[in-house]
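Biologist: I'd like to learn how to read a model like this one. Could you take me through it feature by feature?

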Amino acid sequence: MKLDSGNVLVQELEDLRERLFATLHLPEQRDPVNVYLFSDEASYRYYMNTTWQNLPPRRAYFVGTTRELAVYSFLSSKVQEDLRHEFTHGLLHGSLKTVPLWLDEGLAEYFEVNPDIPGAVHAEHVREWETAQQENWSPNLFRLEMLSDFRDMTQRDYAEAWGWVHYMLQTSDETANVLLQYLAGLETSRTPPRMLTSLETAVPTYFNDVQAHVVRMQNTQPSHASR
Ligand SMILES: [Zn+2]
């Protein structure tokens with residue numbers, strides 16, 4: 001279906017683009033991102049199955065090829081969140097040379113949250129951290145940075161990636177600068193270094209800090225008590 005520029009979905013993505021470029025200090029967008037929105041799930045599924053045979057079924061996709069950066073989805077109750085997520089991938093790939101998988105997903109999860117709710121955090125991921133910590137899990141950026149196939153990423157990996165990004169953007173200038181400088185390096189490099197090395201140097205207490213940060217988010221979640 002064709003949406004005109006006044007459509008609320010289009011407007012939201014324009015807003016997201018502004019917010020993302022301002023937050024991440026990205027260079028000017030090099031390549032456009034085309035958004036293909038199907039009016040119903042059946043035609044979306046049919047198109048995706050016949051066009052991209054190897055993709056597991058999901059509500060939305062970003063596919064970047066040398067020919068085009070494209071977002072695919074359909075009108076559903078989650079369409080805004082889905083489009084914010086996939087469009088974030090598109091914007092990152094449209095302005096950087098490469099984006100490591102964990103960071104690509106962490107930023108997409110960060111920007112998929114509805115920006116109209118002040119102080120909103122990703123409630124699902126905050127709960128996942130809580131569950132994980134009860135199982136004696138702890139975050140491991142070293143491991144996360146080694147992931148290279150999105151099919152291997154679990155919900156917990158998505159939650160962890162979101163947690164690192166939220167911690168780095170929302171805690172201090174030091175943590176934010178590590179992320180921003182890392183992103184600046186991706187403007188020119190196709191083989192990104194590990195971010196962990198610069199984070200360790202800039203913020204030696206990062207390991208305890210990221211966990212304390214997400215615990216603080218748990219305590220500010222209104223849904224916390226009922227779950
Ligand atoms: Zn994604």
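This is a predicted model: local features need pLDDT of at least 70, side-chain atom pairs count only at pLDDT 80 or more; totals for chains, interfaces and linings use all residues.

Biologist: In what sense do S2 and S3 pair, and over how many bridges?

Modeller: The general idea is that two strands pair if DSSP finds at least two bridges between them. Here, S2 (residues 60–64) and S3 (residues 69–74) are antiparallel partners with five bridges. Phe62 has Val71 of S3 as its bridge partner, and Ala60 has Ser73. The link from S2 to S3 is a hairpin of four residues.

Biologist: Which other strand pairs with S3, and in what sense?

Modeller: That is S1, which pairs with S3 in the parallel sense over six bridges. Ser73 of S3 is the bridge partner of Leu37. As a general point, side chains in a regular strand alternate between the two faces of the sheet.

Biologist: In what order do the strands form the sheet?

Modeller: The order is S1-S3-S2, an open sheet of three strands with mixed pairing. S1 and S2 are the edge strands, since each pairs on one side only. On average, neighbouring strands in this sheet are turned by 15° against each other, direction ignored. Helix H2 (residues 41–51) packs on the sheet and touches S1, S2 and S3, its direction making about 140° with that of S3. Helix H3 (residues 79–95) also lies across S1, S2 and S3, running at about 175° to S3. Contact here means C-beta atoms, placed from the backbone, within 7 Å. Angles run from 0 to 180 degrees between N-to-C directions, with axes fitted to C-alpha atoms, for helices over the stretch in contact.

Biologist: Is S3 enclosed or open to the outside?

Modeller: We count neighbours: a residue is buried with 20 or more other C-beta atoms within 10 Å of its own, exposed with 12 or fewer, and partly exposed in between, the C-beta atoms being placed from the backbone. Five of the six residues of S3 are buried, so S3 is largely enclosed by the rest of the structure.

Biologist: How do I read burial along a helix such as H10, and which residues are buried there?

Modeller: An α-helix has 3.6 residues a turn, so residues three or four places apart point the same way. In H10, the buried residues are Tyr206, Val210, Val214 and Met217. They fall within an arc of 70° seen down the axis of H10, so they line one face of the helix; the arc is taken from the directions from the helix axis to the C-beta atoms. On the other side of H10, Asn208, Ala212 and Asn219 are exposed.

Biologist: What covers the buried residues of H10?

Modeller: The cover includes helix H5 (123–134), helix H7 (155–170) and helix H9 (195–202). H5 and H7 pack with their axes 9 Å apart, at an angle of about 110°. H5 and H7 are therefore roughly perpendicular, the word for angles of 65 to 115 degrees, while under 35 is roughly parallel, over 145 roughly antiparallel and the rest oblique. Among the residues that meet there are His125 and Trp129 in H5 and Tyr158 and Trp162 in H7.

Biologist: Where is Asn136, and is it buried or exposed?

Modeller: Asn136 lies in the loop between H5 and helix H6 (141–144). Its phi is positive too, about 60°, although Asn136 is not a glycine. With 6 other C-beta atoms within 10 Å, Asn136 is exposed.

Key: Residues are numbered from 1 along each chain as its sequence is written. Helices (H or I, at least four residues) and strands (E, at least two) are DSSP runs, numbered from the N terminus. Two residues are in contact if their C-beta atoms, placed from the backbone, lie within 7 Å.
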